[in-house]
Amino acid sequence: MKKVIHVLFAALVLFLPFGIEAQETIIQIRCPDDFHVHLRQDAMLQGVVDQTASQFKRAMVMPNTEPPIKNGADVIKYYNEILAAVDLQYQGFQPLMTFKITPQTSIEDVQSVSGLVIAGKLYPDGVTTNSQGGVTDFCALYSVFAEMQAQGIVLSLHGEKPGEFCLDREEKFLATLNQVVKDFPNLKIVLEHVSTKAAVDAVTVLPDNVAATITLHHLELTLDDVVGSLLHPHHFCKPIPKRYEDRDALLNAALSGNPKFFFGSDSAPHLRGRKECSDGCAGVFSAPVVLPSLVALFEQHQQLDRLEDFVSTFGANFYGLSLNEGKIQLMREEWEVPAEIAGVVPYKAGTRLSWKVQ
C-alpha cells in the first residue's frame, strides 16, 4: 500500500508544473504604452482618461476630435486638457500627441507641430468616426509627407479604401500603402489597427520603416461576434472584425515576437445611446479591460514571456522613445467588468476576468 502511495505522489509531483499550482499568480511587466487611443473631449474625456492612465505610462492620442487637432496650437491646447483631466494618482501619465492630416494640411502645419507630436494621423474620407472631409488624393499630400519625413514625424494611417465593400476596404488600401512606402523610403509609417491576414502579410514583407498596431478586440473578435446571431453594437468598430483566418493571422503576429507588430488599443468610447440606435457609431471601449485581457490571451497561448515586448518595447523602439521605467503588476484575481463607465458600455461588460491590475 505504501508503495502505491509513493508512486501516486511521484506522479503528482511529475505533473505539477502543468497544474494549477504551477500557474503564475502575480506577473510584472515594464510599464506599457498604448499606441492608439481615443480620449475624446470635455465630459467624455473626464470620464474615460483614467481607464487608460491607470494601465499605461504613455498613450498616443488620436486627433479626430471635433474640431480636429490640426496644428501646433491645437496640440498644446488638447495636451493640457488631457493632463488636467487625469487623476492625481496617475500624474505620471504622458499623452503622446498627434495631429490630423486633412486635404488642407500644409508644410507650415507640419512645421508648427514639430517637436510636439510623434505622428500625423491620416483618415481616408468617410471611413470612420469624424473622418468626413478626409483624404481622397494621397499624391496631393506628397509635400506634407516629405516634410514629415524631414521632421522625423511618423505617418499613421487608417488603412481602408473608401467606397469598397466593407470587408475588402483594408486589403484594397494596401496598394496605396505600397506606393507611399516606395515614394518615401525614409518615412516611418504605421498601418493602424490591422484587421486582415493580407495586411499582416504586407507589413511583414515591407521595409523596417513600416509597422502595424494590433488591438485587443481584433485579436478576439470576428464578424460573427458582431452580427453572427444577434446584433452586438458594442463590438462594432472600424475596421470591422473579419474572418477567423484573419483573426488567427493577427494573433500569430502578436505572439510572434516580430517587432513590426505592437499594441494599440483603438479604445473608442461612445455614449450608450450613440451605440444602441439605428445608426450606431463605430468604436469599442476596451480601455478598462486591456491589460487583464491581454495577459489572459498570451497565457492561453503559452506566450506570456512575449507580452512585455508587445506592449512595452516594440512600439517605443519603433517611435524612437526610451523605454518606460518601472513595472506594472497584475494579480490572478477574478473581477466583474462594470456594465457602464461614464455612460459608456465597456468591452466585455458584465463578464468576469481572471486577471486584475494592482
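Me: Which backbone oxygen does the side chain of R247 reach?

Reply: The side chain of R247 comes to 3.5 Å from the backbone oxygen of E220. Such a polar contact is a pair of N or O atoms within 3.5 Å, where, within protein, one must be able to donate a hydrogen and the other to accept it, and residues adjacent in sequence count only if both atoms are side-chain atoms. This is a predicted model, in which local features need pLDDT of at least 70 and side-chain atom pairs count only at pLDDT 80 or more, while totals for chains, interfaces and linings use all residues. Residues are numbered from 1 along each chain as its sequence is written, and side-chain values use heavy atoms, with hydrogens and water left out.

Me: Where is R247 found, and which residues does R247 touch?

Reply: R247 belongs to helix α10, residues 244-255, where helices (H or I, at least four residues) and strands (E, at least two) are DSSP runs numbered from the N terminus. Leaving aside residues up to four places away in sequence, R247 touches H218, L219, E220, L221 and T222, a contact being heavy atoms within 4.5 Å. R247 counts as partly exposed because its relative accessibility is 22%, given that buried means under 20% relative accessible area, exposed over 50%, and partly exposed in between (1.4 Å probe, protein chains only).

Me: Which residues of α10 are buried, and against what do they pack?

Reply: The buried residues in α10 are D246, A249, L250, L251, A253, A254 and L255, and they pack against α7 (197-205), β9 (210-214), α8 (216-220), β10 (261-263), α12 and α13. Just after α10, G257 has a positive phi of about 80°.

Me: Which peptide bonds are cis here, and which residues other than glycine have a positive phi?

Reply: Most residues other than glycine have a negative phi, and most peptide bonds are trans. Here, the peptide bond from E66 to P67 is cis, with omega near 0°, and P67 lies in the loop between β3 and α3. The bond from K238 to P239 is also cis, with omega near -5°, and P239 is in the loop between α9 (224-227) and α10. Although Q302 is not a glycine, its phi is positive at about 55°, and Q302 is exposed, with a relative accessible area of 64%. K348, likewise a residue other than glycine, has a positive phi near 70°, and its place is the loop between β11 (327-336) and β12 (352-357).

Me: How many cavities of 30 Å³ or more are there?

Reply: Rolling a probe the size of a water molecule over the atoms shows where empty space is left. On a 1 Å grid over the protein atoms alone, a cavity is a set of points where a 1.4 Å probe fits but cannot get out, and lining residues have an atom within 4 Å of a point. Grid points are joined across faces, edges and corners, and a volume is the space filled by probe spheres set on the points. The count comes to two cavities of 30 Å³ or more, and the largest cavity has a volume of about 110 Å³. Among the 18 residues lining the largest cavity, H38, T128, K238, D266 and A268 are the closest to its centre.

Methods. On a 1 Å grid over the protein atoms alone, a cavity is a set of points where a 1.4 Å probe fits but cannot get out, and a pocket is an open set with protein on both sides within 12 Å along at least five of seven lines; lining residues have an atom within 4 Å of a point.
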